[in-house]
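These are my notebook entries on one protein chain.

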Amino acid sequence: MTKKSLTMFLFILLQFLLVNSLSSKHSSPKPKPDAEITIMGFVYCDVCSKNSFSKHSYFMSGVEVRIVCRFKAASSTTTETITFSANRTTNEFGLYKVAISSLDCADVDSLASSCQASLIGRKNFSDSSCNIPGYRTTTDQVLFKSQQSNSCVYGFNALNFRPFKRDLALCGKK
């Protein structure tokens, strides 16, 4: 497994484990149980500017992210499209998420979907050392479907910021 795929796998696994265990003051009101689609991701500081999470990287709170999703019915008898957009701010764990309770995950196999997450900006500038957008937009996602309920999670690849100058003493020359 390559380093990039291992990093993505670890991010997605972390997202999956945290989706129901963390309550975020920035998430949508609680939907009815057993019927929702959750869209989530992380934002981190890529201290070494390598577009990967390293031992020097850290998750960033207070980052605004825009999420836009389009769900189209994959039936030949209908042309319904649901477009959803929301702005979310990352919590203390660098996590942003939004729950869509109007869509049942049981129907996700019959839906053609496209989602995108994009950095908007930062609300707090207490950490001025990591303020240059790196990965600004992502459409790369992994879908996790629950076996026990009608819920599923779309986990995005992480977005990131990086410092203006890379610290060669910390990160090396490469």
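**Entry 1: A serine in a loop**

I began with Ser57, whose side chain reaches the backbone oxygen of Cys45 at 3.4 Å. I note at once that the model is a predicted one. The side chain of Ser57 also reaches the backbone nitrogen of Ser54, at 3.0 Å. I then looked up the position of Ser57 and found it in the loop between strand 1 and strand 2 (58-59).

Is Ser57 buried or exposed? I found a relative accessible area of 10%, so Ser57 is buried. Leaving aside neighbours within four places in sequence, I listed the contacts of Ser57 as Tyr44, Cys45, Asp46, Val47 and Ser52.

**Entry 2: The disulfides**

A disulfide is a covalent bond between the sulfur atoms of two cysteines. I found two disulfides in the structure.

One of them joins Cys45 to Cys130, with an S to S distance of 2.0 Å. I read a torsion of about 110 degrees about this S-S bond, so the disulfide between Cys45 and Cys130 is right-handed. Which parts of the chain does this pair tie together? Cys45 belongs to strand 1 and Cys130 to the loop between strand 6 and strand 7 (132-133), so parts 85 residues apart in sequence are tied together. Cys45 has a relative accessibility of 1% and therefore counts as buried. Cys130, at 0%, counts as buried too.

Cys69 and Cys115 also form a disulfide, and their sulfur atoms are 2.1 Å apart. The torsion about the S-S bond is about 120 degrees, so I recorded the disulfide of Cys69 and Cys115 as right-handed. This pair links distant parts of the chain, with Cys69 in strand 3 and Cys115 in strand 6, 46 residues apart. I noted both Cys69 and Cys115 as buried.

**Entry 3: Aromatic rings**

A pair of aromatic rings is described by the distance of the centres and the angle of the planes. I counted three aromatic pairs.

The ring centres of Phe42 and Phe59 are 5.2 Å apart and the planes stand at 45 degrees, so this pair is tilted. Phe42 lies in strand 1 and Phe59 in strand 2, so the pair ties together parts 17 residues apart in sequence. Phe42 counts as buried because its relative accessibility is 0%. Phe59, at 28%, counts as partly exposed.

Tyr44 and Phe53 form an edge-to-face pair, at 5.2 Å centre to centre and with 65 degrees between the planes. Tyr44 has a relative accessibility of 2% and so counts as buried, whereas Phe53 is partly exposed at 27%. I noted finally that ring pairs link Phe42, Tyr44, Phe53 and Phe59 into a cluster.

In soluble globular proteins, nonpolar side chains tend to be buried together.

I took Val43 as an example: beyond four places in sequence, it touches residues including Phe59, Val65, Tyr96, Leu119 and Phe161.

Conventions:
Residues are numbered from 1 along each chain as its sequence is written. This is a predicted model: local features need pLDDT of at least 70, side-chain atom pairs count only at pLDDT 80 or more; totals for chains, interfaces and linings use all residues. Side-chain values use heavy atoms; hydrogens and water are left out. Contact means heavy atoms within 4.5 Å. Helices (H or I, at least four residues) and strands (E, at least two) are DSSP runs, numbered from the N terminus. Buried means under 20% relative accessible area, exposed over 50%, partly exposed in between (1.4 Å probe, protein chains only). A polar contact is a pair of N or O atoms within 3.5 Å; within protein, one must be able to donate a hydrogen and the other to accept it, and residues adjacent in sequence count only if both atoms are side-chain atoms. A disulfide is a pair of cysteine sulfur atoms within 2.5 Å. Rings of Phe, Tyr and Trp (its six-membered ring) pair if their centres lie within 6.5 Å; planes under 30 degrees apart count as stacked, over 60 as edge-to-face and the rest as tilted.
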